[in-house]
Amino acid sequence: MKLNLKDVNDKSKWNGYKLFDFDREKVLENTKKRPEWIHFGAGNIFRIFPAALCQNLLNKGEMDTGIICSDSYDFEIIDKLFKAHDSLTLGVTLKADGSISKEIIGSVVQAVKCTQEDSEDWGVLVNAFKNPSLKMISFTITEKGYAVHAPNGSLIGTFAEDFKNSPAKASMFLSRLVALLLERFNAGKLPLAVVSMDNCSHNGEKLKASVLEIANEWLKNGQVSKEFVDYLSDEKKVSFPWSMIDKITPRPNEKVAEMLKKDGYEDTDLIVTTKKTYCSTFVNAEEPQYLVIEDNFPNGRPPLEKAGVYFTSRDTVNNVEKMKVCTCLNPLHTALAVSGCLLGFNLICDEMKDEDLSKMVNILGYKEGLPVVVDPKIIEPKKFIDEVITKRLPNPFMPDTPQRIACDTSQKLSIRFGETVKAYKAQSRDTSGLKILPLVLALWARYLLAVDDNGNAMELSPDPLLAESQATLSGIKLGEKSDFEPQLKKLLSNEKIFGFNVADSELYAKVRDYFAELISGTGKVRETIHNAVN
């Protein structure tokens, strides 16, 4: 069993695997003639979630066009995963009851690189953008993918050069995106929905702001017209719906690969690209999934509600996103990530077997977070957090790691914890009773020392502010007494990281005291957490 159309068309080989139930050649032909959906960001969550939603609708006859998928960050994904395997993906769903479902996903019918340097691939995108049939473009490029400026305000990458050059010479992805939107504008000011599906707050707003900044820079330099900027600014022409996405999708796991090999499935090799993307022909993920999208589509949209997507108002999307990111899932993940790294855990599910860590996330979620949640009405917060704590995080078949979740923690703390503190203040609630939230902030500061609870050096996960944050605490050593407070205050006063000035807040004393305990010697991470939760 190999992942290509020839083998997949021999259905007798694939016992126990769900195959797509539509004429793929016809869908490809339809997509070339009248594309409806382009997706940017060819990573794992796209391959097993949005792509599977499209497949669901194709199987039901609710759609007759597939997805054109593109990537601008890591071209090896397009070559080694998509083009090498006829754009097919094997989706492996790891259910909490131990059962597993396996589905060959074939809804991606074209996979191309988003660069003008590949004229053939670029031509596919240009032709699709110029086609009146195109309804939506979507994105899973991570929160960092929407940034034009670094935290210090400077332009990142080659944006400075892009602003000077014409759209035809764009080098950064967002610049290329605006160049493609210019093609659509020139084709007759055609309407389109530009839909971020990334796990970040106000994602549509972030994407729109970056797109308009690039367009305005080109306007200043005479590269585009004011009419083009007005087109991008008009929600009746180009909309930027907000969304909330939720599905845990770890890196491909060796145990899953071994299981597939026993079935006779051959293409199980882990691919690690030169840009450190971890992928394989298969994607393993949990069963629960949520996608909530603001219903603002100027050119119509696929009937994704028939595949389980919620379409609603912007306010409701915002409330669902806040519920998940600020309270019911993401803060618990971060708490487990930093503590798990320090305590030597390699799996989130194993952390949930630990009495202290299980108590920690229960207190953080139910006692400290849930009281300030705004109920979005379409998803009940307590039921959501019940599912997270009793089914999703403890799922022994989900090979998710604290090290993966610890990536980019500096970018997450303000949303996952700062927003909760702000909600307490907005509702005139007393923050003095918070004990796990300040503990997590102290644990992250302890994590920055890059020494685990046994006193051994440990590798920290990638983070754009890692070097800067570590430098702030430079010289603080585990087990050595020192006047660390000026350094800790400097770190905790960074509102861009924490969302508020922790050093100037009523929580500071708790964070300071926790940190003092955590650095006082080996075994103190375990002891401090145990004392805090008991």
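Asp86 counts as partly exposed because its relative accessibility is 32% (buried means under 20% relative accessible area, exposed over 50%, and partly exposed in between, with a 1.4 Å probe and protein chains only). This residue sits in the loop between α5 (75-82) and β3 (89-94), where helices (H or I, at least four residues) and strands (E, at least two) are DSSP runs numbered from the N terminus.

A quick word on the model. It is a predicted one, so local features need pLDDT of at least 70 and side-chain atom pairs count only at pLDDT 80 or more, while totals for chains, interfaces and linings use all residues. Residues are numbered from 1 along each chain as its sequence is written, and side-chain values use heavy atoms, with hydrogens and water left out.

Thr142 also has a positive phi, about 70 degrees, although it is not a glycine. It belongs to the loop between β6 (136-139) and α7 (159-164), and with 44% relative accessibility it counts as partly exposed. Two further loop residues come next. Asp234 is in the loop between α10 (226-233) and β8 (238-239), and its 32% relative accessibility makes it partly exposed. Between Asp234 and Asn494 there are 260 residues in sequence and 36 Å in space, C-alpha to C-alpha. Ser313 lies in the loop between β14 (310-312) and α12 (314-328) and is partly exposed at 36% relative accessibility. Ser313 and Glu294 are 19 residues apart along the chain, and their C-alpha atoms are separated by 5.2 Å.

Now for the inside. Leu180, part of helix α8 (residues 173-186), counts as buried because its relative accessibility is 0%. Leaving out residues up to four places away in sequence, Leu180 touches Phe40, Cys114, Trp122, Leu125, Val126 and Phe129 (contact means heavy atoms within 4.5 Å). In soluble globular proteins, nonpolar side chains tend to be buried together. Here, the largest nonpolar core has 80 residues, and those with the most contacts inside it are Met360, Ile436, Trp444, Tyr447 and Phe498. Such a core is a set of buried Ala, Val, Leu, Ile, Met, Phe, Trp, Tyr and Cys residues joined through side-chain atoms within 4.5 Å. Helix α19 (residues 436-447) gives the most to this core, with 10 residues. A second, separate core has 58 residues, including Met1, Ala52, Leu260 and Met398. As for Trp444, it touches Val338, Thr409, Ser410, Leu413, Ser469, Leu491, Ile497 and Phe498, again not counting residues up to four places away in sequence.

Stepping back to the whole protein chain, there are 24 helices and 14 strands. A compact globule of 534 residues would have a radius of gyration near 24 Å, and the protein chain agrees, with 24 Å (taken over C-alpha atoms; the globule rule is 2.2 Å times the number of residues to the power 0.38). The C-alpha trace spans about 70 × 60 × 45 Å along its principal axes. Buried residues make up 58% of the 534 residues. Of the contacts with a separation of 6 or more, 76% come from residues 24 or more positions apart.
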